[in-house]
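Here is a short report on one protein model. Look at the structure first, then read on.

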Amino acid sequence: MNGKPAAQAAQWMRAHWFRLAIAAFTLAATLVEWSVIPPIYPLNFLFSGLSVIAIVLSPFIPRISGWVIIITVVARLFVLDLSGPNPLWAAYLALAIIGYDSAIPVAVGALLTVTLAECVPVALNTFNALSATWIGMVNYIGMFTLATMGGMSFRWRKQRDEIREQALALERKQWQLDTLQRNTRLASRIHDSASGGLSYIALTAQRELRRIGDGEAHNAERQDWQFVNDQALSVLDEIHHVIDLLEQPQSSDPSQLHDSENFKAQKSLANPVMKRAESPVPESSSSSSATSRQWNTLQSAMREANAKLTHLGFTGTIETRGNLPDDCADEALTEAANLLGEITANITRHMSTNAGEYCCVITFSKSAIEIMETNPIAIPDNTAQNDDGNSAGALKPHGSGLAMHRRMIRSLGGELNTTAEDGDWILYARIPAHPGSPEPERRAS
């Protein structure tokens, strides 16, 4: 029970060692003078005692102690008694403390208070305990100013260190955010391409297993397809594990990562290379070559989705409406193509071939790419097998594909919503054509 308070006290002493040191020095000097020249009159004894108490408390309540010391210094000027410790030690300490813990106007006000308290008696040719000559007054003013500036300089150094620490903390947070965004894009791309492809392989193997007869003549072929199915499902589980690891917070040192040559290579993974395919460019043919390539990628993703779903026995349509804007951002088209791949994979996982038709419409406008997809919701059956389709429960869904796309689309300024109504699954996504621009009024979905 006593260990925690002791540790906190030790930590506080390490953080405020300088205050303790100067307070101890001032207290020692004051007590030595007290022992040599003790105060005689009661008022002088009272003011000297208050000054000593304020010196002792200065590390703990610095501002209050500093002003108490200044009050006692000013009050002793009106006591015509030279006995007692010299108040200058306490005055220097008070000005240094106030200069460190207070704003500049307050520190200047404390300095002027002590200075005027010394100048007025000298100007009036009144003998006082601090100084009796103008030469001594100039020296004292210089020492008062030096003490105040010393405290202020330590405060400025502390503020500089705090600003530097805050900048480093912001840099670390920004690096963690950039790393998380990169990992999210990478995890989404792995999920969309590798996970979707392996799901397609596993579903194809399962369909072939159902088509093969039970005779001995087909035993070897059945084993081959079973091996393909098992390997695809096993690798799919490992890929899901890798995706989970990529979405975990990073704790590496950003300075080491940025300094390494591998950082550029890892950063390039955030913009995955997608397969290019020859396809006609929409009416806005004046777009840049980069945008044209991304448009080709989207067209290729649509053809690939149609081919996969048709091969597995699903029926439905994927169509486009409107014209692609000339200045549509590449990342918007890339995300639209990746989301289409995720939609295709989800249809193969969650929909039966005899459940009905799917419908996907991609609408282009000047401000956004909108994707609307609907399909019937199939009741999962892990044991039922269709002659020309797949088993809806044969593949275990990872459950984070759409969540990753939702985060990426939101980071671009868009939205992704899903709902189930009257036995149909409905997905609506709006991807801004110009990420970062003010979002126009949303279309009701």
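An open sheet of five strands has mixed pairing and the order β1-β2-β3-β5-β4. Its edge strands, β1 (315-321) and β4 (415-421), each pair on one side only. From one strand to the next, the twist averages 10 degrees. Two strands count as paired if DSSP finds at least two bridges between them. Helices (H or I, at least four residues) and strands (E, at least two) are DSSP runs, numbered from the N terminus.

This is a predicted model: local features need pLDDT of at least 70, side-chain atom pairs count only at pLDDT 80 or more, and totals for chains, interfaces and linings use all residues. Residues are numbered from 1 along each chain as its sequence is written, and side-chain values use heavy atoms, with hydrogens and water left out.

**The sheet**

Strands of a sheet pair through backbone hydrogen bonds, either parallel or antiparallel. Here β1 and β2 (residues 357-364) run parallel, joined by seven bridges. Two of the partners in β2 are listed below.

| Residue | Bridge partner in β2 |
|---|---|
| Glu319 | Val361 |
| Thr320 | Ile362 |

Is β2 mostly covered or mostly uncovered? β2 is mostly covered: six of its eight residues are buried. Buried means under 20% relative accessible area, exposed means over 50%, and partly exposed lies in between (1.4 Å probe, protein chains only).

Now take strand β3 (residues 368-376), which holds Glu370. Glu370 counts as buried because its relative accessible area is 9%. The side chains of Glu370 and Tyr428 are joined by a polar contact of 2.4 Å. A polar contact is a pair of N or O atoms within 3.5 Å; within protein, one must be able to donate a hydrogen and the other to accept it, and residues adjacent in sequence count only if both atoms are side-chain atoms.

Asp422 sits in the loop between β4 and β5. Its phi is near 55 degrees, a positive value in a residue other than glycine. Asp422 is at 82% relative accessibility, so it counts as exposed.

**Helices on the sheet**

Helix α12 (residues 330-350) lies across β1, β2, β3, β4 and β5 (424-432). α12 runs at about 5 degrees to β3. Helix α13 (residues 401-411) lies across β4 and β5, at about 140 degrees to β4. Axes are lines fitted to C-alpha atoms, for helices over the stretch in contact, and angles run from 0 to 180 degrees between N-to-C directions.

How far apart are the end C-alpha atoms of helix α3 (residues 42-57)? They are 23 Å apart, which agrees with the 22 Å that its 16 residues should span at 1.5 Å a residue. The expected span is 1.5 Å times one less than the number of residues. Buried residues of α3 include Phe47, Val52 and Ile55. Their cover includes α2, α4 (62-76) and α5 (88-101). Contact means heavy atoms within 4.5 Å.

α4 and α5 pack at about 145 degrees, with axes 8 Å apart. Residues of α4 including Trp67 and Ile70 meet a group in α5 that includes Leu93 and Ile97.

Ala21 belongs to helix α2 (residues 17-36). Ala21 is partly exposed because its relative accessible area is 38%. Ala21 and Pro59 are 38 residues apart in sequence, and their C-alpha atoms are 9.3 Å apart in space.
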